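The sequence and coordinates are shown first, and the discussion follows.

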Amino acid sequence: MKSILIKDTTKEEREKIVLESLGDGWDVGCDFSGTGVDYQQYIDGKKELRQLNEEARLGLVVAYPEETPKSCGIGN
């Protein structure tokens with residue numbers, strides 16, 4: 001399995017990793033807020049997936065926002 005670290009991936013690869021990981025059941029919108037984790041930070045190369053998931057486990061993100069944005073065509 002190829003590394004998923006930011007230093008080992010392109011932005012396009014990180015976007016694909018997130019979309020494939022979430023599967024077809026998620027209507028994640030532009031910033032993946034429907035997941036409770038801001039995966040856009042990983043895609044943009046700001047935070048590793050490990051760090052985002054750890055923050056989610058610690059409750060540092062909103063698990064279920066009241067409104068989620070409509071899809072903006074990411075991955076389409």
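Which residue just after helix 3 takes a positive phi?

## The end of helix 3

The residue in question is G59, whose phi is about 80°. This value, like the others in this report, is computed from a predicted model.

## Overall architecture

The secondary structure consists of three helices and zero strands, and the elements follow the order α-α-α from the N terminus. Of the 76 residues, 29% count as buried. The protein exposes about 5,400 Å², with carbon and sulfur atoms supplying 50% of that area.

Among contacts between residues at least 6 apart in sequence, 55% join residues at least 24 apart.

## The two sides of helix 3

Helix 3 spans residues 49-57, and its buried residues are L49, L52 and E55. These three cover an arc of only 130° around the axis, which puts them on the same side of the helix. On the other side, R50 and R57 are exposed. The buried residues of helix 3 pack against helix 1 (11-22) and helix 2 (40-43).

## The nonpolar core

The largest nonpolar core comprises 10 residues: I6, I17, V18, L22, V37, Y39, Y42, I43, L49 and L52. Helix 1, helix 2 and helix 3 each give two or more residues to this core, and helix 1 provides the largest share, three residues.

L49 belongs to this core. Leaving aside neighbours within four places in sequence, L49 is in contact with I4, I17, Y39 and Y42. In soluble globular proteins, nonpolar side chains tend to be buried together.

Key: Residues are numbered from 1 along each chain as its sequence is written. This is a predicted model: local features need pLDDT of at least 70, side-chain atom pairs count only at pLDDT 80 or more; totals for chains, interfaces and linings use all residues. Side-chain values use heavy atoms; hydrogens and water are left out. Buried means under 20% relative accessible area, exposed over 50%, partly exposed in between (1.4 Å probe, protein chains only). Helices (H or I, at least four residues) and strands (E, at least two) are DSSP runs, numbered from the N terminus. The arc is that of the directions from the helix axis to the C-beta atoms. Contact means heavy atoms within 4.5 Å. A nonpolar core is a set of buried Ala, Val, Leu, Ile, Met, Phe, Trp, Tyr and Cys residues joined through side-chain atoms within 4.5 Å. Accessible areas come from the Shrake-Rupley method with a 1.4 Å probe; for residues, only the protein chains shown count as cover.
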